[in-house]
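This report goes through the model from its confidence scores to its chain contacts, domains, helices and loops.

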Protein chains: 2
Amino acid sequence: MLYTQDKVIVPLGGFVHFPRQNLRTPGPTPVPDDIVQAMSEPMINHRGPEFLELINDSTEKLKQVFMTQNDLFILTASGTGALEASVVNTLSPGDDVIALTAGAFGDRFCDLAEAYGANVKRINFEWGSAIDPEVVRRELNKLPSTKAVMVTHNETSTGVTHDLEAISAIVKDEFDKLLLVDAVSSSGCIPLPVDGWKCDMVGTASQKGFMIPPGLSFISMSPDAWVAQKESTMPKFYFDLDAAREYLAIGQTPWTPNLSALYGLNLALDQMLEEGIENIFARHTQIGDFTRQGAKDLGLELLCQDPARCSDTVTAIKVPSGIDGAKLTTLMRKEHDVVLAGGQGKLSGQIFRIGHLGAVDESDIQEVFTALEKVLPQVGFRA
Amino acid sequence: MLYTQDKVIVPLGGFVHFPRQNLRTPGPTPVPDDIVQAMSEPMINHRGPEFLELINDSTEKLKQVFMTQNDLFILTASGTGALEASVVNTLSPGDDVIALTAGAFGDRFCDLAEAYGANVKRINFEWGSAIDPEVVRRELNKLPSTKAVMVTHNETSTGVTHDLEAISAIVKDEFDKLLLVDAVSSSGCIPLPVDGWKCDMVGTASQKGFMIPPGLSFISMSPDAWVAQKESTMPKFYFDLDAAREYLAIGQTPWTPNLSALYGLNLALDQMLEEGIENIFARHTQIGDFTRQGAKDLGLELLCQDPARCSDTVTAIKVPSGIDGAKLTTLMRKEHDVVLAGGQGKLSGQIFRIGHLGAVDESDIQEVFTALEKVLPQVGFRA
């Protein structure tokens, strides 16, 4: 039996039907109807001429969104897969790596590099605050053997956008180290000029700014990263980007690709390029401002401590003292079809999060606040 | 611009439309319309109650198709990802492994284990012939330090089904070694009782017998494999099945899963269980016989040298002497909308292949032969 909203919705043997919710998790994000329809096209031979056009066209459009002329690969995996590719294709066991973390996803990136034997120096910043570029300079001065710096551009777990431009200026211009970037919840939403900021490896996923379901991830790779790839001895097979490059040269992928998502991606990229990258950034800035202002108007407090670094893709709001955060998000879902995300790791129960990225406009966020106005008093909150 | 069949089908900025072909590659296979529709359901929170029901229900149904009570995990990756999981979760660098190969996918499995540092002894069999279980016994006697035996159940590149039951009796009953199985083009189509044949790790993918698009893979893991997992030192993160188990216990996946394909999978599994596993096997046997007989009736020769081991999911046919195989498959596609697969690796140009697995019936195969009757004379073949 399958259930949703605590009601049985379908017995074994039938369709799974999910109600149309206002899905405000910071990924997966809602998929526009025309993209859903594009994904319904029939299967094709992934080693045939139709696929060659699809993968080449999609890759070139993606490069425009990434603002890069670097190589770029579309992987059949979720975002963590692209991040694994960034690590195993550039590093060797024992390499010194400085990993900057201020949240659950920064920590995950560290865990990943450690799992493959990198010698990871974790630089921890308070969850909810931004990475201090001065600390990055100090740590790089202390550890000249550093091979790479790893950073999460937009920390989804706290709603903080780190100052990647300033970090890059130090890592690349002053120290000339590799820069590996987790851009899962930033790419395609907020400014990240991959070439302009000299990012060597940038990984992101399909279910955030790109408006399609989870199942694909994207990774760009600079010439410096290719040099590192030649020396890298971390084992790799599924995420071997040398194989990806060899196959892309003949319009294929090494392993059978997620065709449906690729159909959707191709249309989503057309829509993004038609809207214009700068206009997409402006829309996310506007909606980020709208969300933060709306939360404050309700008497709520943001987790992000620096207004200049609050994320325009996800807002983390502190659960008011004495309030049951799980009860709040459950009521929002059950009574108003608004799906919020809770806190992760050590912020579990401390915050709730509103995603505002991808196919989103102000009316989606206004619905959240309209529902919060009803639910907050129900859980005992008085502003 | 996107092209198909050498005609422009859509300019930048529009939908990708692919014609409905008779897609007879051995994966991806055609997706039934109701499954396509199921995949169009809206996104949900992958850390919420709807997802918990979806993943638990789908996993339990998959176990029925696998005929196993072992743990089973649904991964967001293509089949090679599941095979990587089978290796990195059971082995350590330097482990002695016997790998049985008689084709491109057997070779790929070897390459994968070698990439992660296993000491792989490749036992090569002629492409088109079946693995000889006697050789497996002899090699195991010669190499008592063997930790695992790796085998491809159905070799997609040659159309041969290896005698996994006999191989298992030797590997498990006589020598008690780990048995890692590539079941990408067999699972859900032809008999593979995972528990009955004591297979420790069995990996397969969504785009073959399971009738959904590529983008998911499935891996079952025995208690013995879990023991090996505890000792295994191969690095792993995205494919770490310990993380998969930990998350599945709370109705989640470690990384954001391919939701659309999961919606399709759930319905596909209902349909498979309704048809009945034994009936699915019988249908594939019947259609395998039909395909082989049809090829012979046209005066063509099969690659598979042992009638008892010809695959019921894919048939490899020798390109007749003096005939241009590429011209043949191109004419089939362009003039008859029938998409065949060519040969891989050293069989490139030597064979063409007809897939007959998943949502397939005799009329699909009859169309292939009707077209071949017209195309074969065009390329100069006289039976």
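Helices and strands are taken here as DSSP runs, helices having at least four residues and strands at least two, and they are numbered from the N terminus. By that numbering, B:Lys198 sits in the loop between S10 and S11 of chain B. B:Lys198 is not a glycine, yet its phi is positive, about 55°. With 16 other C-beta atoms within 10 Å, B:Lys198 is partly exposed.

**Confidence**

The model is predicted. Its scores are ipTM 0.96 and pTM 0.96. The average pLDDT of chain A is 95, and 96% of the residues score at least 70. Where pLDDT is low, the predicted coordinates should not be read in detail.

**Chain contacts**

Between the two chains, 66 residues of chain A are in contact with 65 residues of chain B. On the chain A side, the elements giving two or more residues are strand S1 (2-4), helix H1 (33-38), helix H2 (49-66), helix H3 (79-88), helix H4 (104-115) and helix H9 (259-275). Of these, H9(A) gives the most, with 8 residues. By class, this side of chain A holds 35 nonpolar, 22 polar and 9 charged residues.

**Domains of chain A**

Chain A is assigned two domains: domain 1 (2-30 + 278-378) and domain 2 (33-273). Their C-alpha centres lie 26 Å apart. Across the boundary, 27 residues of domain 1 of chain A are in contact with 26 residues of domain 2 of chain A. H10 and S13 of chain A are the elements that give two or more residues to the domain 1 side. That side has 12 nonpolar, 10 polar and 5 charged residues.

**Two helices with a buried side**

Helix H10 of chain A covers residues 277-297, and its 21 residues should span 30 Å at 1.5 Å a residue; the end C-alpha atoms are 30 Å apart, in agreement. Which residues of H10(A) are buried? They are A:Ile280, A:His284, A:Ile287, A:Gly288, A:Thr291, A:Arg292, A:Gly294 and A:Ala295. These residues take up an arc of only 160° around the axis, so they are on the same side of H10(A). The other side of H10(A) has exposed residues, including A:Glu278, A:Asp289 and A:Lys296. The buried residues of H10(A) pack against H9, strand S13 (314-318), strand S16 (351-355) and helix H12 (362-378) of chain A. After H10(A) comes A:Gly299, with a positive phi near 85°.

Helix H6 of chain B (residues 164-174) has B:Leu164, B:Ile167, B:Ser168, B:Ile170 and B:Val171 as its buried residues. Down the axis of H6(B), the buried residues fall within an arc of 165° and therefore line one face of the helix. B:Asp173 and B:Glu174 are exposed on the other side of H6(B). Among the elements covering the buried residues of H6(B) are helix H5 (133-142), strand S7 (148-152) and strand S10 (178-182) of chain B. H6(B) is followed by B:Asp176, whose phi is positive, near 55°.

**Loop glycines**

B:Gly209 is in the loop between strand S11 (201-205) and strand S12 (217-221) of chain B. B:Gly209 counts as buried because it has 28 C-beta neighbours inside 10 Å. Leaving out residues up to four places away in sequence, B:Gly209 touches B:Ser187, B:Gly188, B:Cys189, B:Leu357 and B:Gly358. B:Leu357 is 148 residues from B:Gly209 along the chain, while their C-alpha atoms are separated by 5.7 Å.

A:Gly94 lies in the loop between H3 and strand S5 (96-101) of chain A. With 10 other C-beta atoms within 10 Å, A:Gly94 is exposed. Apart from residues up to four places away in sequence, A:Gly94 touches A:Gly117 and A:Asn119.

**Backbone exceptions**

Most residues other than glycine have a negative phi, and most peptide bonds are trans. The table lists some exceptions.

| Site | Backbone angle |
|---|---|
| A:Gly27 to A:Pro28 | cis, omega near -5° |
| B:Gly27 to B:Pro28 | cis, omega about -5° |
| B:Met67 | positive phi, about 55° |

A:Pro28 is in the loop between strand S3 (22-23) and H1 of chain A. B:Pro28 is found in the loop between strand S3 (22-23) and helix H1 (33-38) of chain B. B:Met67 belongs to the loop between helix H2 (49-66) and strand S4 (71-75) of chain B, and with 17 C-beta neighbours inside 10 Å B:Met67 counts as partly exposed.

Methods:
Residues are numbered from 1 along each chain as its sequence is written. Chains are lettered from A and ligands numbered from 1 in the order in which they are written. This is a predicted model: local features need pLDDT of at least 70, side-chain atom pairs count only at pLDDT 80 or more; totals for chains, interfaces and linings use all residues. Two residues are in contact if their C-beta atoms, placed from the backbone, lie within 7 Å. Ala, Val, Leu, Ile, Met, Phe, Trp, Tyr, Cys and Pro count as nonpolar, Asp, Glu, Lys and Arg as charged, and the others, Gly among them, as polar. The expected span of a helix is 1.5 Å times one less than its number of residues. A residue is buried if 20 or more other C-beta atoms lie within 10 Å of its own, exposed if 12 or fewer, and partly exposed in between; C-beta atoms are placed from the backbone. The arc is that of the directions from the helix axis to the C-beta atoms. pLDDT is the predictor's confidence in each residue, from 0 to 100. Domain bounds come from an automatic or database domain assignment.
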